[in-house]
Structures are given as C-alpha cells and as structure tokens.
Amino acid sequence: MAAALIVANVGIIPFSSPVYTAINTYLVPLAVPMLLFDSDLRRVMRDTGPLLAAFCVGAVATLVGTLLAFPLLPMRSLGDDGWKIACALAARHIGGAINFVAVAETLSISSTVVSATIAADNVVVALYFSVLFALSEHGETEKLSTRNLDIEAEKPKSAEEPNTTIMSSVKDPESTDSGASKFSLASLALALCVSSALVTFGGILTKIMLPRGTSALPLTSVLTVMAATVFPSFFSKIRDAGNPIGIFLIQMFFAASGAAGSIRQVMLQAPSLFAFSALQIAIHFVFIMFVGRRILRMESRNLYLASNANIGGPTTAAAMAQAKEWKRLVLPALLIGILGYSTATALALAMGPLLLKLPMLAP
C-alpha cells in the first residue's frame, strides 16, 4: 500500500482508474468468503476452553473502547468518515484486516482515509504488542485449577506437546505460510466457484432483506461462516486453495487504496487517527484486565493472549503463545482469532448507529 501511495503521488500511476473500481466491486467481495473457509464455530467452541471467555471479554472491551473514545476524539477532520473509521478500527481490533476491509467497503470509506488509518494503526498496534510481551511472564507459570491438574496428571507424557496433526488442520487466513498445502487446480477452481456462489447468494439476500444500496459483504460473511460450520470437512478441502487467493485479492485492495490516496492528506489525517487508535486500545486493555482479572478472576496470560488475538488476529496470538512457551494455548489462540474474523464485521457495523447518537464531548 505504501509503495502504491508513493508511485501514485509522483505521477507514475493515476489516482483513479477503472481497475481500482473493479478491484473494490468484484475482487474484494470474492476474497472475503475465501478467507473465512476455516470458520468452523463448533470447533472454536469445543477446543478453546477458558481462552474463549477471555476473548469475548476482549471483544466487549474493544466495543466499549470505541464507544468511549469516539465522543472524546470524534476525528472531525475526517468529516462523515469519522464514525465510519471508528467502526472499521473496532472491526480490526476484534478480528483483523479482513474485517477492516469488509467494514470499509460496506461504509464506503475514502481511499485516503483508509491509507492513513492503516499507517497510524500499525504503529499503535506494534507498540501495544511490545507492552503485552513485556507484561506477560515466560513459560507455564500460572497455577492450574485442581481439575486441570488432575487432567494433566492423567495425560501421557507425549500429550504435553502440541498435537502437530491438530495444529496443521487449523490455518490462519491472513498467514502467508502455507506449510504442506493441498493447493491444486481442481481445488482452486472449486474454491472460486464456492466463493462466487456465496457472494451471489449474499447479494440476493441483501437485496431482499436490507435497504437498497446496502453492501452484500456482511451477509456474505454470515453465509460463509454458517456454511463452514455446517460443512467443515468440505471447506477444509478448499481452504488451502482459497486462502492464498483471498490474501492476494485483499492485498490488491490495499494497493488500490494506496494508489488513490494523497500523501499530503494522509500526513494531515494520521495524527488524529493515531490518537483515536491509541485511546481505543488503551481503554480496551484497561477494561479487559479490570473485568477479566479483578471481576471474573481469569488468568493473566489468557487475558494477554485474548487481547493479542483481538488486536492482531490468529497469527500474532499464536506467535505470542509460542514465544512465551504457553504450549497448551497455541491452538486455542489460533481458533479464537478465527472466531474474531467470523464475528467482528457484524459487531462493528451494528455499533455504527450507536456512534451517531452519542454526544460529542470534544469540540
């Protein structure tokens, strides 16, 4: 995105083009289902344990952070895009880039604002991850409950290590590490057909159920999650083909957004976006630690990991669990991150009307 922003502003490529429109109109809707092929909610509920509750607290913390931060920093310089970008950042800080793109497209956020938001938020997120890593302890140090201790005592020694077979069956949609991929021309064709069908059905249902002009991406996402939950075996066969194509198409969206942006406008808008993102994430952290630790008595490491999954997604959460040697939490971290992808778009869009009704506390 940064490269596209630079080459457009020096005149090598145009600021507007039918190609950019085609990417946003046709390719982004096709990408979203492909990145949700692994969203089997039944497996998430079954295999995440106490980390699921921590993740839910973190998702609520992001929503609360957005509702509190927006009246204080309404980003008036963005005009009507202010509340929209607040929703998009809420989606990103519950799920990930997939959800940010879905909300940005649904609410028709301008390309310049998208570019500025990604630039500012990436800095804030990097700093936040540094804080989480500094606060969290290394190794399996926290006490397990008596029930968990009994279960662990009954396990054979080999069961203490992560099950590589299970791990290999879970894939982060935003990860570029394909591992032992099942990619083939047949699976690619099937993935494209399934994604196209989901986009088509999502569009039909949107026209029937929602007001004219509403984006079909939210309903398309819901349909994909439902289908992946009902038919997990089928979707597991095409995800290795669908995910790389979905990632490629999402990167095309970011490149098109960068090419349509103005460096001058990005520099002018980035400070307010940086401040909003920082305040939103700060409130998220205070809420999740107060409610999760003080009220619900959850383990700190679960809360840190859930917050990482909220803000960064499955890849960063699993990487943190690996780096801290929380071996039993690597797989659950991946799964709750996928849950974030499945739910963040709908949660963020549902919050939009509330933001518009809030009294602004800042001039």
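Analyst: Contact means heavy atoms within 4.5 Å. The model is predicted: local features need pLDDT of at least 70, side-chain atom pairs count only at pLDDT 80 or more, and totals for chains, interfaces and linings use all residues. Residues are numbered from 1 along each chain as its sequence is written, and side-chain values use heavy atoms, with hydrogens and water left out.

User: How many helices and how many strands does the protein chain have?
Analyst: Helices are DSSP runs of H or I of at least four residues, strands are runs of E of at least two, and both are numbered from the N terminus. By that count, the protein chain has zero strands. Its helices number 16.

User: What share of the residues of the protein chain count as buried?
Analyst: Buried means under 20% relative accessible area, exposed means over 50%, and partly exposed lies in between (1.4 Å probe, protein chains only). The chain has 363 residues. The buried share is 51%.

User: What percentage of the contacts with a separation of 6 or more joins residues 24 or more positions apart?
Analyst: Take the contacts in the protein chain with a separation of 6 or more. Then keep the residues 24 or more positions apart. They account for 83%.

User: Which helices are included in what covers the buried residues of helix 6?
Analyst: Helix 6 spans residues 97-106, and nine of its 10 residues are buried, so it is largely enclosed by the rest of the structure. The buried residues are Ala97, Ile98, Asn99, Phe100, Val101, Ala102, Val103, Ala104 and Thr106. Their cover includes helix 2 (18-34), helix 5 (81-92), helix 7 (111-135), helix 11, helix 12 (232-259) and helix 16 (330-357).

User: Which residues of helix 12 make the contact with helix 6?
Analyst: The axes of helix 6 and helix 12 come within 11 Å and cross at roughly 55°; axes are lines fitted to C-alpha atoms, for helices over the stretch in contact, and angles run from 0 to 180 degrees between N-to-C directions. That makes helix 6 oblique to helix 12, since angles under 35 degrees count as roughly parallel, over 145 as roughly antiparallel, 65 to 115 as roughly perpendicular and the rest as oblique. Helix 6 brings Ala97, Phe100, Val101 and Glu105 to the contact. Helix 12 brings Ile250, Phe253 and Phe254.

User: How many residues in the contact of helix 6 with helix 12 are charged?
Analyst: Ala, Val, Leu, Ile, Met, Phe, Trp, Tyr, Cys and Pro count as nonpolar, Asp, Glu, Lys and Arg as charged, and the others, Gly among them, as polar. The contact of helix 6 with helix 12 has six nonpolar residues and no polar ones. The charged residues number one.

User: With which residue's side chain does the side chain of threonine 106 make a polar contact?
Analyst: Threonine 106 is in helix 6 and counts as buried at 18% relative accessibility. Leaving aside neighbours within four places in sequence, threonine 106 is in contact with Ser215, Leu217, Pro218 and Leu349. A polar contact is a pair of N or O atoms within 3.5 Å; within protein, one must be able to donate a hydrogen and the other to accept it, and residues adjacent in sequence count only if both atoms are side-chain atoms. At 3.5 Å, the partner is serine 215.

User: Is serine 108 buried or exposed?
Analyst: Serine 108 lies in the loop between helix 6 and helix 7. Its phi is near 55°, a positive value in a residue other than glycine. With a relative accessible area of 55%, serine 108 is exposed.

User: What is the relative accessible area of glutamate 325?
Analyst: Glutamate 325 sits in the loop between helix 15 (314-323) and helix 16. Phi of glutamate 325 is also positive, near 60°. The residue is partly exposed, with a relative accessible area of 42%.

User: How many polar residues are in the contact of helix 10 with helix 11?
Analyst: Helix 10 (residues 185-209) and helix 11 (residues 217-230) pack at about 125°, with axes 8 Å apart, which makes helix 10 oblique to helix 11. Leu198, Val199, Phe201, Gly202, Leu205, Thr206 and Met209 in helix 10 meet Leu219, Thr220, Leu223 and Thr224 in helix 11. By class, seven are nonpolar and none is charged. The polar residues number four.

User: How far apart in space are serine 17 and alanine 256?
Analyst: Serine 17 lies in the loop between helix 1 (2-9) and helix 2. Serine 17 is buried, at 18% relative accessible area. In sequence, serine 17 and alanine 256 are 239 residues apart. C-alpha to C-alpha, the distance is 9.2 Å.
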